[in-house]
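Here is a short tour of a two-chain model, written to be read with the structure open beside you. Take each section in turn and follow along on screen.

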Amino acid sequence: MNETNEHIIAAIVEHKPGVLFKITNLIRRRGFNISSISVGSTENPSLARITMTVTGDEATIEQVIKQLQKIIEVVKISRLNPSESVIRELLLIKVHVADSRARSDILIYTQIFRGRIIDVAPDSMIIEVTGGSNKINAFIELMKQYGVKEIARTGITALARGEKSLK
Amino acid sequence: MVRMTGAKALIESLKKEGVRVVFGLPGGAILPVYDALYDETELRHILVRHEQCAAHMADGYARASGRVGVCMATSGPGATNLTTGVATAYMDSSPIVAITGQVPTIMIGRDAFQEADIVGIMTPITKHCFQPRDAKEIPRIVKEAFYIASTGRPGPVLIDLPRDVQQMEADIEFPEDVKLLGYNPKLEPHPLQIKKAAKLLVEAEKPFILAGGGVRLSGAYMELVALAELLQAPIGTTLMGKGVVPEDHPLCVGGVGMHGGVANKIICEADVILAIGVRFSDRTTGRFDSFCPEAKIIHIDIDSAEINKNIRAHIPIVADARRALKALYDEIINFVAKSNLNKTGWIKRVNEVKESARIYLECEGGRLSAPGIIREMRKLMPRESILVTEVGQNQMWAYLHFQVLMPGGYITSGGLGTMGFGFPASLGAKIARPDIPVVDLAGDGSFLMTEQDLATSIVEDIPVTVVILNNGVLGMVAQWQRLFYHRRYSQVHLGRIPDFVKLAEAYGAEGVKVENIDDFREAFAKALKNDVTTVIDVPIDPEEDVLPMIPPGGSLRDMMWRGRVS
């Protein structure tokens, strides 16, 4: 019951100025912890979808959801069960390429992770990888031996599988 | 569709919401609204001397009338001065709409003169904030603001109006309905939860009802008393719930919490606690982990986020207090055997506890003691009257010793504990209820925080009675320093100034200083009938403690009935 874990919370919110501020401000004020947050538009232009990863025990997550629900612009909010959801994150990583040996190794790793090379410079490459957070973490670990210059992660976004939906 | 300015649209929208009075103070960024007010005959504007008081007055008005209170200020410092009052209303779920001027749209974000990000500042202390960018939006926004402020769990809403939006002419339409996608308060209780709760309550040997501010906000007075009488359950109240049951009712056991009386003892013996419209504040429960650990808790609240926030509920019921209480009553009457409802043993025990503690709560005669004065006030005030308090010892003495006999007859800043709240709130309450006496019970510390609005009370002809329990110190702080900091009185001595009689007279109010209880009786009786505000200065002993109390960090079992000598 008191186990602290990462939980995924998805919310449909009205696409209005200040909504993201309200959500993050509330999380700060109540002392909750979010490790990632991503925002994007939906099939309805007046609504946006926010996906958050929140760390805490059951009671904390219950409070996060109930408190966020009280924000007027939050139309729907629920917790996604990871085993019944599709969870993806996008990684852009700029890796140092010292020599051609490194270049070919990185190419192979990228293929194994089903990533794509999207930019090549004489001494660096940018690679794009999507997947769950574990996969992204594993790829970053692998790249460390070559020298990671810069990382940009989107934070996770997720949808429940099958019939379930937030609407 | 009518062509008018945003400012005019605001005024018309307010009137459509039934607003009759606005508390405020003008300034540069809200000039167009005040210009529209100039021709206004239906809306009364009360000019305050400090914007904080405008917010407290709107709050006091809301609490005394059950309607939405409205306050208004200019941008920047005017708006930030409202924040203490708005935060006070937020903590106590009081419905107010605050309207602020803002610099013109084109200047927002440029650190213009008197610009403050008031939406950013107010967001954590309001239910919602609006900042229209087009005059056309104003009628819809005002309608939504009043709807949000007054429904569900009530609370303050901000409307921040850029000056160009106030000036802008537009074709204005006034909507009839409110449509909010993400706001739909749940009012009806879940029938299954009601069944479970009814069963638990009937089977309880020693049920206890803890009634909070939510009972007042939903007007569930009759339903509460009916259920308590049916169950033969004692009713204790939180600070915000004080008065939801007339305190001379035989089942009423008074206040629970840090300065609760016998109710603290009784709740600790209960096996089932029915908590209604309470948020289990730390001041009510003491330490969360040792709050009645053996009791089963049924928690009714309209705000689902209050369920399991501080205290875990065995049976949560998310609903309007009145509907839930009625449903519980009906369920018990119709479906549950009434044989179990005879709890004479429990009531006998409750009365024993009440009796045993009586001597501690009786005050010693003769000298001017705070409890004695408060009891005299009770005797002289009619049942239908409102006591407003400041914050500190005066508030807690009133909590312990002033019997509230009318629903809504006790107005106090509970959650935020705002010193300076009482006097302006009493003016707002008097505007709402000009027919009954309104008394502000103050301390000398609190009163000085907002006394400048004596001017408002005189100029706007709002007569109230202010009783200052004058001990020359910040009394509650001094009490804690006495009890828990080895009498190291750090920065609490106020020097017994000003002369409150002269201060009152300087504003054109009446001032009286009393030396004994007979003088007080006479002065207070006269003040209640006075058609001008009266300030009564009552010197009391600075060493007098508010007792009993739960020491900080203690549980309800750890009541101190006598002061500790350190």
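Leu14(B) lies in helix α1 (residues 6-16) of chain B. Helices (H or I, at least four residues) and strands (E, at least two) are DSSP runs, numbered from the N terminus. This is a predicted model, in which local features need pLDDT of at least 70 and side-chain atom pairs count only at pLDDT 80 or more, while totals for chains, interfaces and linings use all residues. Residues are numbered from 1 along each chain as its sequence is written, and chains are lettered from A and ligands numbered from 1 in the order in which they are written.

Is Leu14(B) buried or exposed? Leu14(B) has 25 other C-beta atoms within 10 Å, so it is buried; the cut-offs are 20 or more for buried, 12 or fewer for exposed, and partly exposed in between, with C-beta atoms placed from the backbone. Setting aside residues up to four places away in sequence, Leu14(B) touches Val19(B), Leu43(B), Val70(B) and Val142(B). Touching, or contact, here has C-beta atoms, placed from the backbone, within 7 Å. Phe146(B) is 132 residues from Leu14(B) along the chain, yet their C-alpha atoms are separated by 9.1 Å.

## Nonpolar cores

In soluble globular proteins, nonpolar side chains tend to be buried together. A nonpolar core is a set of buried Ala, Val, Leu, Ile, Met, Phe, Trp, Tyr and Cys residues joined through C-beta atoms within 7 Å. The largest one has 207 residues, and Ala54(B), Cys71(B) and Leu224(B) touch the most other members. Leu224(B) touches Ala211(B), Val215(B), Ile235(B), Val244(B), Val245(B) and Leu325(B), again leaving out residues up to four places away in sequence. There is also a second, separate core of 10 residues, with Leu91(A), Met125(A), Val129(A) and Ile136(A) among them.

## Two helix pairs in chain B

Helices α3 (residues 51-65) and α17 (residues 422-432) of chain B pack at an angle of about 45 degrees, with axes 6 Å apart. Axes are lines fitted to C-alpha atoms, for helices over the stretch in contact, and angles run from 0 to 180 degrees between N-to-C directions. The two helices are therefore oblique to each other, given that under 35 degrees counts as roughly parallel, over 145 as roughly antiparallel, 65 to 115 as roughly perpendicular and the rest as oblique. The crossing of α3(B) and α17(B) is right-handed, meaning that the near helix is turned clockwise from the far one by less than a right angle, with anticlockwise for left-handed. The residues in this contact comprise 11 nonpolar, 5 polar and 2 charged.

Helices α8 (residues 191-203) and α13 (residues 321-335) of chain B pack at about 65 degrees, with axes 9 Å apart. α8(B) also passes α13(B) in a right-handed crossing. Their contact has 8 nonpolar, no polar and 2 charged residues. For these classes, Ala, Val, Leu, Ile, Met, Phe, Trp, Tyr, Cys and Pro are nonpolar, Asp, Glu, Lys and Arg are charged, and the others, Gly among them, are polar.

Chain A has 4 helices and 9 strands. Of its 167 residues, 25% count as buried.

The contact between the chains takes 15 residues from chain A and 13 residues from chain B. On the chain A side, α2(A) gives the most, with 5 residues. By class, that side has 4 nonpolar, 4 polar and 7 charged residues.

Terms used: Contact = placed C-beta atoms within 7 Å.
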